[in-house]
Amino acid sequence: MKMTMTQKILAAHATGRACSPSAPSLRPGELVMARLDLVLGNDITAPVAIREFPKFGRARVFDREKVALVPDHFTPNKDIKAAAQCAAMRTFAKAQEIVHYFEVGHGCGIEHALLPEKGLVTAGDLVIGADSHTCTYGALGAFSTGVGSTDMAAGMAAGETWFRVPSATQVVLRGKPRKWVGGKDVILHLIGMIGVDGARYQSLEFSGDGVAELSMDDRFTIANMAIEAGAKNGIFPVDEKTLSYLREHGAKPPRIHAADADAEYARVVEIDLGELEPTVAFPHLPSNTHLVRDVGNVAIDQVVIGSCTNGRISDMRIAAEVMQGRKVANGVRAIVIPATQQIWLQALDEGLLKIFAEAGCVVSPPTCGPCLGGHMGILAAKERCVATTNRNFVGRMGHVESEVYLASPAVAAASAIAGHITTP
Amino acid sequence: MKAHKYGDNVDTDVIIPARHLSTSDPDELAEHCMEDIDPAFAARVRYGDILVAGRNFGCGSSREHAPIAIKACGISCVIAESFARIFYRNALNIGLPILECPAAAKAISAGDDVSVELAAGEIADLTTGQRFRAEPFPPFMMELIAAGGLSAYLKGKIK
């Protein structure tokens with residue numbers, strides 16, 4: 001045996017190389033063909049895949065219920081070209097009778113918040129998506145990884161693709177995080193420790209008694225940024241919290257895989273959650289982390305609270321708790337982006353949107369928008385933004401001389417109020 | 001062929017900034033390739049040139065537009081100390097040759113005349129006379145690159 005959770009899911013889906021009594025385990029480095037439970041694309045990557053699709057010589061997608069198409073990046077359409085890309089995806093979805101196509105306003109949202117919310121991923125699934133943050137669904141105990149558009153097209157045509165079995169870094173989480181410390185601080189701390197290529201080609205396998213102290217939303221945030229450490233995927237064990245999340249969202253029955261006790265890890269790192277403090281990643285790498293209390297007076301121009309990393313309802317609640325009855329500092333634009341239509345509605349019902357608006361935030365419809373420098377909050381030269389997003393590369397949110405500081409919703413909200421980077 | 005050299009962690013946001021992702025036209029993408037870290041690149045690069053970089057080349061977004069832009073610029077091969085995994089897959093899938101070779105990536109300087117023998121994994125810096133060896137691709141991958149990418153390679157092979 002000796003397999004990690006990721007290796008077990010790959011083994012369960014392998015088609016070209018069935019595990020046999022004489023070779024019962026997959027080895028790191030081995031190439032396998034594997035069945036796909038879901039293939040995802042968005043309005044940036046799917047149009048390229050749709051153009052490639054006919055070249056594979058198949059008229060129809062392998063299974064119209066196992067393809068998800070989500071217009072979320074440059075939507076609501078930011079310009080004519082973006083509109084044309086969305087139109088291409090819409091036309092394809094209609095022609096192929098894709099079941100999981102989500103129209104703007106009709107329950108749509110940011111793909112990696114949306115798919116779990118709609119119950120489209122369950123524990124034990126194997127998912128590829130033409131978006132690097134597809135690794136988010138590892139929070140549900142699934143193997144999910146980002147690919148490019150050609151791989152997406154091949155996946156849509158064939159329903160299977162090849163994988164190199166990854167070796168693993170085990171991340172043992174201990175203890176319980178303090179108030180105002182969340183999943184974002186955990187993953188920024190980890191990336192700061194191991195670097196942006198610290199888990200390159202590997203799976204990040206989370207374990208330890210600290211997992212139970214993390215909400216599902218925290219786990220989504222952590223798995224989401226596995227790619228920022230270079231990882232192929234990040235994955236959490238399935239526990240009661242996972243199972244009740246899957247039940248509540250109407251997901252298919254889970255297939256639970258646990259790592260073998262003698263699974264082999266290339267590296268083991270341990271994090272005491274109780275020791276963590278609010279953390280911020282300075283430009284221009286997610287690994288450039290500092291404790292917020294050490295940063296001094298870093299004045300800011302903008303705050304973005306949202307994205308596939310931190311646009312879920314608990315993120316909205318934390319930001320609202322910090323902002324309630326207070327005002328965004330003069331000179332700061334605060335943009336709040338609930339990640340899906342359902343989260344937007346829930347935030348409305350709970351009175352959170354009113355808190356944001358009264359504090360002086362603008363509340364955006366669901367969109368990836370500013371995270372990748374698309375629209376809805378682009379930065380000018382020299383401007384600084386504290387964002388709950390996932391990347392702070394040169395020019396990521398706008399001008400090449402702008403700066404993005406990555407932090408949790410608590411730190412972003414507190415910074416919006418203070419006008420500089422700070423904790424609640 | 002002339003080498004263009006960059007450092008570690010060249011991400012896909014600087015290879016092709018998202019503001020240009022409202023198109024997937026290769027020639028249009030090529031005009032903006034590397035513009036946020038090297039605005040003169042698209043004008044300077046010549047057909048057949050080599051791109052040389054440090055660790056974790058192509059990290060970040062899964063946008064296939066990144067290798068598409070590099071290929072459409074005329075770059076014939078990317079040599080790096082290491083590649084981010086999604087970029088690695090994407091580059092081969094669209095038929096952009098890439099070689100992982102830390103020694104060559106470190107030794108080659110910007111402007112050096114470099115030749116690459118892909119099938120053998122051989123890299124020569126003709127300016128300094130140094131020769132390097134990368135792990136060559138297996139025959140199927142050479143076929144895939146020659147076909148121009150995964151879709152052309154697989155066409156007819158899918159039942």
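Is A:E358 buried, exposed or partly exposed, and what is its relative accessible area? A:E358 is partly exposed, at a relative accessible area of 47% (buried means under 20%, exposed over 50% and partly exposed in between, with a 1.4 Å probe and protein chains only). The structure here is a predicted model, where local features need pLDDT of at least 70, side-chain atom pairs count only at pLDDT 80 or more, and totals for chains, interfaces and linings use all residues. Residues are numbered from 1 along each chain as its sequence is written, chains are lettered from A and ligands numbered from 1 in the order in which they are written, and side-chain values use heavy atoms, leaving out hydrogens and water.

Back to A:E358: its side chain meets that of A:K354 in a salt bridge, 3.0 Å from N to O (a salt bridge is a side-chain nitrogen of Lys or Arg within 4 Å of a carboxyl oxygen of Asp or Glu). Both residues sit in helix 12 (residues 352–359) of chain A, 4 residues apart, or about one turn of the helix (helices, H or I with at least four residues, and strands, E with at least two, are DSSP runs numbered from the N terminus). A:K354 counts as exposed because its relative accessibility is 56%.

A search of the whole structure turns up 33 salt bridges over all chains. One of them joins A:R391 to A:E228, with the closest N and O atoms 2.5 Å apart. A:R391 lies in the loop between strand 17 (384–387) and strand 18 (403–406) of chain A, and A:E228 in the loop between helix 7 (216–224) and strand 10 of chain A, so this pair ties together parts 163 residues apart in sequence. Both A:R391 and A:E228 are buried. Another salt bridge links A:K382 with A:E401, at 3.1 Å between the closest N and O atoms. Here the pair ties together parts that are 19 residues apart in sequence. A:K382 counts as exposed at 64% relative accessibility, while A:E401 counts as partly exposed at 41%. There is also a network of salt bridges linking A:D37, A:D125, A:K252 and A:R255.

Now for the sheets. In chain A, 4 strands make an open sheet in the order 10-9-8-11, with parallel pairing (two strands pair if DSSP finds at least two bridges between them). Strand 10 (233–235) and strand 11 (267–272) of chain A stand at the edges with a single partner strand each, so one side of each has no neighbour in the sheet. Strand 9 (residues 203–207) of chain A runs parallel to strand 10 of chain A, joined by 3 bridges, and A:S203 stands opposite A:N233 in strand 10. Elsewhere in chain A, strand 1 (residues 31–35) and strand 7 (residues 160–164) run antiparallel, with 5 bridges between them. Strand 1 of chain A has a covered face, A:V32 and A:A34, and an uncovered one, A:L31, A:M33 and A:R35.

Chain B has 8 helices and 7 strands. Of its 159 residues, 59% count as buried, and its C-alpha trace spans about 45 × 35 × 25 Å along the principal axes. Strand 6 (residues 122–125) and strand 7 of chain B pair in the antiparallel sense over 4 bridges, and B:I123 stands opposite B:F132 in strand 7 of chain B.
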